[in-house]
Amino acid sequence: MESRIIKSAPHMNYLDFIEKELKLPEKDKNSPLVLDLFAGCGGLALGFEAAGFRTIGYEMLPVACQTYNKNLKGWCKQVFLDTKSELDESADVVIGGPPCQPFSVIGNQSGVSDPRNGFPAFLSAVEKYNPKIVVFENVRGMFYRNKWYLDKIVEYLQDNLKYNVEPPKILNAVHYGVPQRRERLFVVAHRGNWKFPEPFHWNFTAGDALGELAFSIPESAKFLTKSMDDYIERYERKSHCMRPRDLHLDQPSRTVTCRNLNGATGDMLRIRLPDGRRRRLTVREAAKLQSFPDWFEFCGSEGEQFNQIGNAVPPLLAKAVAMSVLQCIKGTDILENTPSLAKKHRMMITQ
Ligand SMILES: C[S@@+](CC[C@H](N)C(=O)[O-])C[C@H]1O[C@@H](n2cnc3c(N)ncnc32)[C@H](O)[C@@H]1O
């Protein structure tokens with residue numbers, strides 16, 4: 001996949017690009033409705049709204065709901081989702097990013113036995129509300145120790161809820177205009193025809209996203225101390241790191257995570273200034289690397305803002321998926337209005 005990338009996007013300004021791509025259309029009550037479970041600050045929802053959907057979010061953290069409600073046209077409700085949760089209304093689409101900690105290789109991958117596992121709540125909402133299409137995303141880690149559980153989820157959607165389920169697919173955000181290599185696993189269950197979005201043949205770099213900011217010293221700049229620099233050096237030596245892990249402006253960024261934004265760890269995201277000093281990224285820089293437009297404001301303390309950004313699906317990637325969802329729904333509507341095709345389609349999914 002990497003070899004498809006030719007170079008940085010020619011003659012295109014990154015900020016203009018995201019402004020244009022993520023401009024929210026006026027609210028239209030006839031637009032298809034999306035229920036966004038585990039909505040976070042609304043990265044996934046922003047992509048869907050930009051593609052023309054209405055959204056309602058469900059999220060347990062008040063500060064993330066506040067961010068969603070400040071920026072999106074839809075409304076995010078503060079709730080703790082479980083298998084008994086009642087959502088507001090039925091919808092065409094259910095999407096969500098159940099917490100990834102139970103499946104991430106950074107944790108101990110305890111999967112179903114981790115009380116944070118959100119899949120039972122997600123699947124029971126799908127069962128109750130029977131949307132036309134379901135999209136969930138999670139970490140690549142679901143392909144490892146807990147692959148059996150991912151298989152069970154797919155089986156449940158297929159056999160019990162009678163969806164066509166696409167083989168789980170890893171999408172890399174860098175192929176959809178995000179200046180960051182970030183892989184996420186996507187599962188799509190539908191009752192029509194599905195096509196994953198085509199990757200672009202070019203990419204943006206961290207330098208395209210940050211511009212002059214990368215050389216600036218913001219008022220709130222947090223410099224790494226001598227002992228942190230030493231720690232990073234030891235970390236990079238031990239992990240046989242070939243290139244220092246400072247942000248390389250001529251390339252897409254490494255994956256932006258809550259951990260490498262917040263913590264003073266060996267792999268933290270940082271910029272090396274021309275004078276040799278290193279500074280941590282600001283909230284706005286992290287948001288740009290995740291493809292949030294500058295008008296999108298985050299609520300809460302700096303740490304809470306970093307967590308919302310690190311947890312989010314990059315809105316540009318979300319929009320690419322949302323456009324495929326739109327196509328699929330249109331196709332499903334045609335199927336439903338065409339008796340002979342609908343019959344054939346039903347046979348296909350019950351075989
Ligand atoms: C991976 S993040 C979702 C990111 C979001 N899709 C985005 O693009 O911005 C998962 C979110 O689920 C929330 N969460 C975890 N367990 C929850 C529960 N039981 N009910 C509601 N929200 C929950 C977390 O607070 C976190 O914001």
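Ala, Val, Leu, Ile, Met, Phe, Trp, Tyr, Cys and Pro count as nonpolar, Asp, Glu, Lys and Arg as charged, and the others, Gly among them, as polar. On that basis, the shell around the ligand in this predicted model consists of 13 nonpolar residues, six polar and one charged. Of the 20 residues around the ligand, those that come nearest are F38, G40, G43, M60 and A312.

In soluble globular proteins, nonpolar side chains tend to be buried together. The largest nonpolar core here has 80 residues, and the members that touch the most others are L37, F48, V94, I133, V134 and L317. Helix α11, residues 315-337, gives the most to this core, with nine residues. Because domain 1 (2-203 + 310-350) and domain 2 (206-300) both give residues to the core, it lies between them. For F48, leaving aside residues up to four places away in sequence, the contacts are V34, F53, T55, I95, A318 and A322.

Helix α7 covers residues 226-238, and its 13 residues reach 18 Å from the first C-alpha to the last, close to the 18 Å expected at 1.5 Å a residue. After α7 comes H240, with a positive phi near 50°.

Helix α4, residues 119-129, contains S124. S124 has 15, so S124 is partly exposed. The C-alpha atom of S124 is 8.4 Å from that of D82, a residue 42 residues apart from S124 along the chain.

Conventions. Residues numbered from 1 in each chain as written. Predicted model: local features only at pLDDT ≥ 70, side-chain atom pairs only at ≥ 80, totals over all residues. Core = buried A, V, L, I, M, F, W, Y, C linked by C-beta atoms within 7 Å. Buried ≥ 20, exposed ≤ 12 C-beta atoms within 10 Å, placed from the backbone. Helix = DSSP H or I, 4+ residues; strand = E, 2+ residues; numbered from the N terminus. Domains from an automatic or database assignment. Contact = placed C-beta atoms within 7 Å. Near = placed C-beta within 6 Å. Expected span 1.5 Å × (residues − 1).
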